[in-house]
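I opened the model to look up a few things and keep notes.

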Amino acid sequence: MAPVAIAAEPAPLESSVEPLDRPLHVLTMEELAWGVILLWTVVTRFFGLGLSTLSARAAARALFAYDLANGTNEAVGGLHPYSVGWAQMAQAAVFAAAGADDFTARVIQVVAGCLLVGVALASRRQIGRAGALALGLMLALSPTLAYLTRAGSDGIVADGAAMLAVVAFMRLRQLPTRGRAALLGVIAGLMLGAGTVGGVIGLALLLSAGIAGLIAALTTKHPYLAARVWLKRYGGCVDAAVFAGSAVCLAIQWAVGGPFDHIPTRLAAWPAPSMVRLGHAIDALALPAGFYEFAIVAGVVVGLVAVVLTPRGSGRGGFTLLWTVVTFALCLSLPLAVEEKVLALMPPAALLGGIGIEYLYRSSGWASIRWPLLALLILSAYVQLMINFIYPAPNPAEPPWTRHANLYWSDGATTLDLPMRAALLERQIPPLDATVFCAGEWTSVLRWYLRGFRPVQNADHARLLVLTGQDGHPSPDRVDYAERWEAQPNRLTWHHALRYLLRLEAWGALTSETATFQVRPPVVPMSNPATVVIPPPPAP
């Protein structure tokens, strides 16, 4: 008997609930960590940005961009920043499109600060997943980077361009093409055109590359032949990068008269080297490293150990260590501001820390060292919230024995009283009568917050009189518009250090800059009086 074929029963149809239970994406711990890092970065950089005040340096740069956008001359009379770049052109475009205020005056720097952390995500394939995560955490939780980003420092733009240039160079080494080389040149040109910090970073990279090349020549059997072979293979990439970078630098120089215009003046005023200046420079870098940048300092130590112990320490980690050392030497020798020194050191130090963490993550010592590193990251986040949101600006109403201060207030920090007083004066005086005369120092901060008033040369023609540097008893018209704090390490004790670390209490006196605002009544022109005709006396 032949077998009978039995038809297979059709598969049951899936219920309507099953597609809703189907997973679309599996979230990994790395993706979750990057999401938290990027969210933290955006919130800590943008939250309350329009309510914080501009410093003197940021106000000078904002006035320069304000002139570009409106065709005015508000930045004349000593208010012109000593170093400008393409960020001012972008800032002027923002002013022209969205108006000039405290938020738009720093939006370019804040976006660059967020991209600086985002570049760490792009470096996963170059330094490793754990190293990239560590790099992103150090940059996101850095109190210095968060504060100077919100303060509108152009050094943040240079740092972002420097990190992007490093990642572009790593990718160029993996696949050398003229297109990638030209892109690297454009990024390097933007870095050099971003101001003083970009020039210092570029000089440090150039010196580091020269030292690395010299070491390679001394350790190679046939250096001349090796150099000829290298130029034969990569000469086109070098030409493309140099041409693109030079074109960008010259374009920025032609457009706004970039930092190259001020190099001769700054070199002429370069003080002679001395041990006293060297000690001050070391103190200027040691204080932020000891009170703010715990995680990055620990990362540098780990990176140094990794370079020494790794057989491939002469590669990427070795060059990053050399870059860090050269930058540190330049910061000790160049007459730069404290924030410029710290920002110039940030890219190589953070990158070295990321490379060290990647090495440590793959070693047996990771289980014992990860918890101390986590504690340092938490402490960095605590200090970041303290200096950016709890005490973001000086408060003259605080008692002298419990003053709170920031290490970056040495050049002056604007109080919250000045923008509030400026807004009150703008409401009090009509725009048509908004004229101002300043008797004393016409600082960039005063000019920025009183930019709605037209300066006049005669005090009799002004509705608003501003008297700066006037000492005396407090009055309703007098405002402490800025305060400075020069942290003195020789007066620092363990008790002061602990109070500053936990509560941000200054261990020295703060210096105030005052201004008195006097509103004059409007000058009412007298109407022509009626002509009185006196008749002549009658004739006798």
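**Entry 1: β2 and its neighbours**

I looked up Cys438 and found Val466 as its bridge partner in β4. This is a predicted model, so my local look-ups are limited to residues with pLDDT of at least 70. Strand β4 covers residues 464-468, and four bridges join β2 to β4. The two run parallel.

Then I turned to β3. Strand β2, residues 435-439, pairs with strand β3, residues 454-455, over two bridges. This pairing is parallel too. How does the chain cross from β2 to β3? I traced the path through helix α20, residues 444-449. This β-α-β crossover is right-handed.

**Entry 2: the antiparallel side**

Next I followed β4 to β6. Strand β6 spans residues 511-519 and pairs with β4 over five bridges, in the antiparallel sense. I noted two residue pairs here. Leu464 has Val519 as its bridge partner in β6. Leu467 has Thr516.

I also checked β5 against β6. Strand β5 holds residues 478-484, and six bridges tie β5 to β6. The sense is antiparallel. Asp480 is bridged to Thr514 in β6.

**Entry 3: the whole sheet**

In what order do the six strands lie in the sheet? I read β1-β5-β6-β4-β2-β3. The sheet is open and the pairing is mixed. I marked β1 and β3 as the edge strands, since each pairs on one side only.

**Entry 4: the chain in totals**

I counted elements in the protein chain: 21 helices and six strands. The chain has 540 residues, and 45% of them count as buried. I then took the contacts between residues at least 6 apart in sequence. Of these, 79% join residues at least 24 apart.

**Entry 5: Gly155**

I went to helix α9, residues 155-174, where Gly155 has its place. Is Gly155 buried or exposed? Its relative accessible area is 6%, so Gly155 is buried, the cut-off being under 20%. I set aside neighbours within four places in sequence and listed the contacts: Val197 and Leu343. I also took a distance to Lys341. Gly155 and Lys341 are 186 residues apart in sequence, yet 9.6 Å apart in space, C-alpha to C-alpha.

**Entry 6: Ser380**

Ser380 sits in helix α18. Its relative accessibility is 3%, so Ser380 counts as buried as well. Which residues does Ser380 touch, not counting those up to four places away in sequence? I listed Leu141, Pro143, Tyr292, Phe294 and Ala295.

**Entry 7: the largest cavity**

I searched the whole structure for cavities of 30 Å³ or more and got three. As background, rolling a probe the size of a water molecule over the atoms shows where empty space is left.

The largest cavity has a volume of about 170 Å³. Its lining has 16 residues. Which of them are closest to the centre? I noted Ser55, Arg57, Glu339, Tyr408 and Asp411. The elements that give two or more residues to this lining are α3 (56-70), α8 (143-151) and α17 (338-361). I sorted the lining by class: eight nonpolar, four polar and four charged residues.

**Entry 8: the second largest cavity**

I moved on to the second largest cavity, which holds about 140 Å³ of space. Here 15 residues form the lining. Closest to the centre are Ser52, Thr53, Tyr147, Ala151 and Pro392. Helix α8 turns up again: α8, α18 (366-390) and β1 (413-414) each supply at least two residues. Which element gives the most to this lining? I found α8, with three residues. By class, I logged eight nonpolar, five polar and two charged residues for the second largest cavity.

Definitions and conventions
Residues numbered from 1 in each chain as written. Predicted model: local features only at pLDDT ≥ 70, side-chain atom pairs only at ≥ 80, totals over all residues. Heavy atoms only, no water. Pairing = 2+ DSSP bridges. Right-handed = clockwise from strand over helix to strand, strands pointing away. Buried < 20%, exposed > 50% of the residue type's maximum accessible area, 1.4 Å probe, protein only. Contact = heavy atoms within 4.5 Å. 1 Å grid on protein atoms, 1.4 Å probe; cavity = no way out; pocket = protein on both sides within 12 Å on 5 of 7 lines; lining within 4 Å. Points joined across faces, edges and corners; volume = space filled by probe spheres on them. Nonpolar A, V, L, I, M, F, W, Y, C, P; charged D, E, K, R; others polar.
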